[in-house]
Amino acid sequence: QLQIVESGGGLVQPGGSLRLSCAASGLTSRYYHIGWFRQAPGKEREGVSCISGSSGFTVYGDSAKGRFTVSRDNAKNTVSLQMNSLKPEDTAVYYCAAYSTRSELCRLVPGDYGYWGQGTQVTVSS
C-alpha cells in the first residue's frame, strides 16, 4: 500500500512563497495520479492541483492557476507544490492524495483519490 506524508507548511506573509512536498512510501508514486487539495475552516474541500502519473499532465484549480506549480521528482519519489504570491485566502490545511487509474488525465475530484496524507497547515497572515 501507499503511504503519503505532506510537509512544508507553515506561516508566511501575504505575497510570500511556500513549497509543499508529498513523500510517498510503499508503492512508487510515479504510477499514481497525485492531487493536492485544501480545506479551510468552515469551507468545502477544494482541489488545488494534480499531476498525472502516466503523462505528467497537470491540472490547476482556478484559485491556484498562475501562482502555484506542481512537479514530480521521480528520483526522490516526491511531488511538490510550489506556492507563490500567497494570499490570506490560501490559508488552509493542504492534503496530498493519490489514486491509481487507467485514465491518462488526473482531475480535481476528491472521490477519485483512495490514499490521503494527514495534511499540512498553511497560514498566510501578516
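The model is a predicted one, so a few ground rules apply: local features need pLDDT of at least 70, side-chain atom pairs count only at pLDDT 80 or more, and totals for chains, interfaces and linings use all residues. Residues are numbered from 1 along each chain as its sequence is written, and side-chain values use heavy atoms, with hydrogens and water left out.

Four strands make up an open sheet in the order 1-3-8-7, and their pairing is antiparallel. Strands here are DSSP runs of E with at least two residues, numbered from the N terminus, and two of them pair if DSSP finds at least two bridges between them. In general, the strands of a sheet pair through backbone hydrogen bonds, either parallel or antiparallel. The edges are taken by strand 1 (3-7) and strand 7 (68-73), each of which pairs on one side only. On average, neighbouring strands of this sheet are turned by 15 degrees against each other, direction ignored; the axes behind that angle are lines fitted to C-alpha atoms, and angles run from 0 to 180 degrees between N-to-C directions. One of the residues involved is Gln 3, whose bridge partner in strand 3 is Ser 25.

A disulfide is counted when two cysteine sulfur atoms lie within 2.5 Å, and the structure holds two of them. Cys 22 bonds to Cys 96, with the sulfur atoms 1.9 Å apart. The torsion about this S-S bond is about -75 degrees, so the disulfide of Cys 22 and Cys 96 is left-handed. Because Cys 22 sits in strand 3 and Cys 96 in strand 9 (residues 92-99), the pair ties together parts that are 74 residues apart in sequence.

With 85 degrees about the S-S bond, the link of Cys 50 and Cys 106 is right-handed. It connects distant parts of the chain, 56 residues apart: Cys 50 belongs to strand 5 (residues 46-51), while Cys 106 is in the loop between strand 9 and strand 10 (115-116). Cys 50 counts as buried because its relative accessibility is 0%, and Cys 106 counts as buried at 4%. With the bonded cysteines of the chain numbered in sequence order, the pairing reads 1-3, 2-4.

Notes
Buried < 20%, exposed > 50% of the residue type's maximum accessible area, 1.4 Å probe, protein only.
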